[in-house]
Amino acid sequence: MSQEQPNNPLHGITLEKILTSLVEHFGWGGLYQKIRINCFYSHPSIKSSLKFLRKTQWARDKVEALYIDTFC
């Protein structure tokens, strides 16, 4: 079940790690400027943002794309 994915830059990186890295790099305000998602603006927290991102695929895709553009 755990196959290697050499062409996937996010392989082995959790959503929590992605979000934490982005918040450390941009801050909540900067992250909201890059991706206009309300959970980054109104009372932001890792926990609430993860809950939203796990339920909302389009938002997760944007966060993952920003991570790839920024760190890969």
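**Briefing: helix packing and core**

Leaving aside residues up to four places away in sequence, Glu-64 touches Leu-10 and Ile-18, contact meaning heavy atoms within 4.5 Å. The model is predicted: local features need pLDDT of at least 70, side-chain atom pairs count only at pLDDT 80 or more, and totals for chains, interfaces and linings use all residues. Residues are numbered from 1 along each chain as its sequence is written, and side-chain values use heavy atoms, without hydrogens and water.

**Glu-64**
- Glu-64 belongs to helix α3 (residues 57-71), helices being DSSP runs of H or I with at least four residues, numbered from the N terminus.
- With a relative accessible area of 18%, Glu-64 is buried (under 20% relative accessible area, 1.4 Å probe, protein chains only).

**Helices α1 and α2**
- The axes of α1 (residues 15-34) and α2 (residues 46-55) come within 11 Å and cross at roughly 125 degrees; axes are lines fitted to C-alpha atoms over the stretch in contact, with angles from 0 to 180 degrees between N-to-C directions.
- Leu-15, Glu-16, Leu-19, Thr-20, Val-23 and Trp-28 of α1 meet Ile-46, Ser-49, Leu-50, Leu-53 and Arg-54 of α2.

**Nonpolar core**
- The largest nonpolar core has 18 residues, of which Leu-19, Leu-22, Leu-31, Phe-40 and Val-63 touch the most other members; such a core is a set of buried Ala, Val, Leu, Ile, Met, Phe, Trp, Tyr and Cys residues joined through side-chain atoms within 4.5 Å.
- Helix α1 gives the largest share of this core, 7 residues.
- Beyond four places in sequence, Leu-22 touches residues including Leu-31, Val-63 and Leu-66.

Technical notes: Helices (H or I, at least four residues) and strands (E, at least two) are DSSP runs, numbered from the N terminus. Buried means under 20% relative accessible area, exposed over 50%, partly exposed in between (1.4 Å probe, protein chains only).
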